[in-house]
Each structure stands twice: as structure tokens, then as C-alpha cells.
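Please keep the sequence and the structure in view while reading.

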Amino acid sequence: MSKSKENMSVQAVLSYMIKQNRPYSVQDVFQNMGKDYGKTAVTKAMEGLASEGKLKEKVYGKQKVYVADQSQFPDVNNQEIAAMDQKISLLNAQIQKMQEEINKIESELHLYQSKISTENARTELGTIYPEIDLLKDKLAKLKEGRVLISKEEKDKVFKNREKFVKEWRKRKRIATDILNSVLEGYPKTKKQLFEEVGIETDEDYNAKPPEV
């Protein structure tokens with residue numbers, strides 16, 4: 001690094017430390033200054049400023065902490081400190097109050113966001129009202145005792161029911177015959193056969209073909 005750049009880094013570090021007037025490590029200054037200067041340059045500048053007495057150095061274990069020489073700052077009046085503490089307390093109270101208001105507003109916002117929007121509500125109403133009208137009409141017909149399906153449709157339903165019940169009985173009979181044939185040569189019980197093969201019967205579910 002050239003001498004001019006070195007002097008620039010030293011002046012930049014010193015200005016920063018005086019302006020902030022708080023303890024920092026080399027890493028802190030390197031990071032806080034936006035890495036405008038290399039860490040080596042910052043380290044060299046802070047160590048040099050400490051040797052000149054412009055920075056005070058404190059060692060905590062392996063960590064070195066630097067702070068600007070406090071003798072260059074004017075003494076702070078105790079009344080001013082008390083006034084500043086009072087102002088800080090007042091500002092903290094205001095911050096807490098504002099945070100409570102923010103939390104309240106965020107809760108209300110979350111509540112409103114969880115509700116359905118006006119546009120979606122109108123869309124749903126446009127679907128629901130026609131359904132309500134259809135149900136009212138159907139209810140009125142039922143109260144009047146009017147037939148809602150034709151005789152042909154009713155006969156078709158009963159015919160299909162009879163067909164499916166007969167098919168159920170037929171398949172149940174075939175399955176029973178097959179199992180009885182297997183059981184003739186099976187050395188174990190019927191229950192053991194069903195468990196081994198994984199057979200579930202109508203009786204397991206209390207089901208039986210209806211009468212036709």
C-alpha cells in the first residue's frame with residue numbers, strides 16, 4: 001500500500017472512531033466501514049493510532065477492543081446526562097406504545113385478510129341464490145305431494161335393483177361352492193382358510209342381499 005493510501009486509511013479510521021465514540025474491534029470497524037479498506041490496513045491503522053495515544057486499546061483474552069481517546073471530548077454535565085436519560089425513557093415509552101398500536105393494527109389486518117372479499121362474496125351469492133330457489137321449488141312440490149320422477153324412471157330404478165341383487169346372490173353362491181370344494185381337501189378349519197387367503201365375507205360386515 002502506498003504512503004498516501006495508508007494515510008487515508010488512518011484518517012478514515014480515526015474519523016470513524018471519533019464520530020462513533022464507542023468500543024470496536026478491528027473486525028467491527030472493517031465491517032462497519034463497508035470494507036472500503038482491507039482488514040490489514042484497518043488493523044495497521046488502529047494499532048498505529050493506539051501507539052500514538054489517539055485510540056485506547058483494551059485486551060480481553062484474545063480480543064482487542066479500541067475506543068477513541070476520551071480526553072479530546074468535553075466533559076458531560078450531569079444535568080445533561082439526567083435530561084438525556086429522561087428523554088430516552090420517554091422515547092422508549094413512546095416506542096412501546098407505538099409497538100402496541102402496530103400489533104393491534106396487524107391483528108385487525110390479519111382478521112380482515114382471513115375474511116372473504118366483497119367480490120368473492122358477491123360471486124358466491126350469485127351461485128347460492130339460484131340453488132336456494134331450486135330447493136324452495138323442490139320443497140314446495142314435496143309438500144304438495146307431487147311426483148318428482150316419472151313412472152318410467154321409477155321402474156328403471158327398481159329393475160336395476162332387482163338385477164344387481166340377483167347378481168349379488170349368484171356370485172355369493174358361486175364363491176361359497178368354490179370355497180366348500182377347497183375345504184374338502186384343506187387340513188385346517190374354514191376360519192383358518194379365510195384368514196390365510198384373506199377372504200372377507202358379507203357376514204363380517206353384517207351385510208346380506210336384500211329381498212327382491
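## Terms and basis

Helices (H or I, at least four residues) and strands (E, at least two) are DSSP runs, numbered from the N terminus. This is a predicted model, in which local features need pLDDT of at least 70 and side-chain atom pairs count only at pLDDT 80 or more, whereas totals for chains, interfaces and linings use all residues. Residues are numbered from 1 along each chain as its sequence is written, and side-chain values use heavy atoms, with hydrogens and water left out.

## Helix α1

Helix α1 covers residues 3-20. At 1.5 Å a residue, its 18 residues should span 26 Å, and the end C-alpha atoms are 26 Å apart, which agrees. The expected span is 1.5 Å times one less than the number of residues.

Which residues of α1 are buried? They are Ser9, Val13, Leu14, Tyr16 and Met17. Seen down the axis of α1, the buried residues fall within an arc of 160°, so they line one face of the helix. The arc is that of the directions from the helix axis to the C-beta atoms. Here buried means under 20% relative accessible area, exposed over 50%, and partly exposed in between (1.4 Å probe, protein chains only). On the other side of α1, Lys3, Met8 and Lys19 are exposed. The cover over the buried residues of α1 includes α2 (26-32), α3 (39-51), β1 (55-60) and β2 (63-68); contact means heavy atoms within 4.5 Å.

## Salt bridges

Side chains of opposite charge can pair when their charged atoms come close. A salt bridge is a side-chain nitrogen of Lys or Arg within 4 Å of a carboxyl oxygen of Asp or Glu. By this rule the count is seven salt bridges. One of them joins Glu6 and Lys44, with the closest N and O atoms 3.6 Å apart. Glu6 lies in helix α1 and Lys44 in helix α3, so this pair ties together parts that are 38 residues apart in sequence. Lys44 counts as exposed, because its relative accessibility is 51%.

Another salt bridge, at 3.6 Å from N to O, is formed by the side chains of Glu52 and Lys54. Glu52 is exposed at 53% relative accessibility, while Lys54 is partly exposed at 37%. In a further salt bridge, Lys166 meets Glu162 at 3.2 Å, N to O. These two residues are four residues apart in helix α6 (residues 151-184), which means that about one helical turn separates them. An α-helix has 3.6 residues a turn, so residues three or four places apart point the same way. Lys166 is partly exposed, with a relative accessible area of 49%, and Glu162 is partly exposed at 35%. Salt bridges that share partners also join Lys172, Asp202 and Glu203 into one network.

## Residues with positive phi

Where is Asn21 placed? Asn21 is in the loop between α1 and α2. Its phi is near 50°, a positive value in a residue other than glycine. Asn21 is partly exposed, with a relative accessible area of 31%.

Asn206 also has a positive phi, near 50°, and is likewise a residue other than glycine. Asn206 is located in the segment after α7 (190-197). With a relative accessible area of 75%, Asn206 is exposed.
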